[in-house]
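Here are my notes for your review. Please read them with the structure open.

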Amino acid sequence: MSEAHLTMGAHSAPPMEAPPFAMPFKKLAMWLFIMSDVMTFAACVAAYSFLRNATPDWPRPFHGVTGVAIMTVIMLTSSLTMLMALQAAKAADKAGAFRWMMITAAGGALFTFLHIRDWMGMINQGVGLFSNPWGPAAFGAAFYSITGFSLLHIVVGTIALIIVALRYQGGRYNADDVELFSLFWQFIGLVWLFIVPLVYLMNLAR
Amino acid sequence: MTTAEGSGMKKYVAVYVVLLVLTALQFIIGYQNIEGSQMAVRFLTFAIIESLLVVLFFMNLGSEKPVFIKFVVYFMLFVLATMNYIWTDSFRLLLFRVTGFGPS
């Protein structure tokens, strides 16, 4: 037996266990991030719901939710356009994937604009973090916290999407990276589907 | 576009339409004169159905290995369920604020 043979035999790696989830580590990391983010949002929603339930004179200031309905349609549509980008990326249609990603980013930017406009309306009515013209001050803090956390995700997501699209077009990212971002974007849309009924529709003026 | 990709997009569009319909129903419920707890239950039911559709189809969790699906579902359900122990305290606070009786 040669010396090289003996050395290799001495340092042979122990048999490794097969990875249980059989998915790329980046994708697993994204799922774990999403799961931790679910807990953060769930904590926000639980705190908001606790406050709302424990406060007898909780205000119902929203007279119309047309703007919120438009924002919801934009969010859902951007989820679909992100999936179209993913399908195009998987089919190696680089131009198509880039186009759909930029359309999705435009949806995110429009959503952000409408969301800030909605906030400005609330601020002009006197609703602040520690003030509320309709009663308990906690309303403002709860409203801005929960919608602000969602808005932060959308703003960061929109910027990240533009970066992903540019890097994908430049050849640094591939379809797997687009899929990772798609997971995050779908998650943001999912969170909005909980915020709309709990924060806006439950507080419609009657 | 291949047949598989085409059928994939059809599935996504179908789920998108269902999500739009469910959301529209939520808005209709929002304008109805229903008691608060009943309304919350209806909203949450719709939101849970919507989130299942998004997670299974848009996030493609349904096509992952069963052991990963179990990991995600069991872990999330456990965490979300244990967050609900706070409710008794919110009712205690509500009772105190309305009646003035009971521990503050």
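1. Start with the loop between α3 and α4 of chain A, where Ala92(A) sits. The model is predicted. Ala92(A) has a phi near 60 degrees, positive in a residue other than glycine. Most residues other than glycine have a negative phi. Ala92(A) counts as exposed because it has 10 C-beta neighbours inside 10 Å, and the cut-off for exposed is 12 or fewer.

2. Asn60(B) is not a glycine, yet its phi is positive, at about 55 degrees. Asn60(B) lies in the loop between α2 and α3 of chain B. Asn60(B) has 16 C-beta neighbours inside 10 Å, so it counts as partly exposed.

3. Next, the core. The largest nonpolar core has 53 residues, and Ala85(A), Ala97(A), Met101(A) and Val178(A) touch the most other members. The most comes from α6(A), with 15 residues.

4. Look at Ala97(A) itself. Beyond its neighbours within four places in sequence, Ala97(A) is in contact with Ala85(A), Ala88(A), Ala89(A), Tyr168(A) and Val178(A).

5. Last, the contact between the chains. Chain B gives 40 residues and chain A gives 36 residues. On the chain B side, α1 (3-30), α2 (36-58), α3 (66-82) and α4 (87-99) each supply at least two residues. The largest share of that side, 12 residues, is from α1(B). By class, the side of chain B that touches chain A holds 28 nonpolar, 7 polar and 5 charged residues.

How values were computed. Residues numbered from 1 in each chain as written. Chains lettered and ligands numbered in written order. Predicted model: local features only at pLDDT ≥ 70, side-chain atom pairs only at ≥ 80, totals over all residues. Contact = placed C-beta atoms within 7 Å. Helix = DSSP H or I, 4+ residues; strand = E, 2+ residues; numbered from the N terminus. Nonpolar A, V, L, I, M, F, W, Y, C, P; charged D, E, K, R; others polar. Core = buried A, V, L, I, M, F, W, Y, C linked by C-beta atoms within 7 Å. Buried ≥ 20, exposed ≤ 12 C-beta atoms within 10 Å, placed from the backbone.
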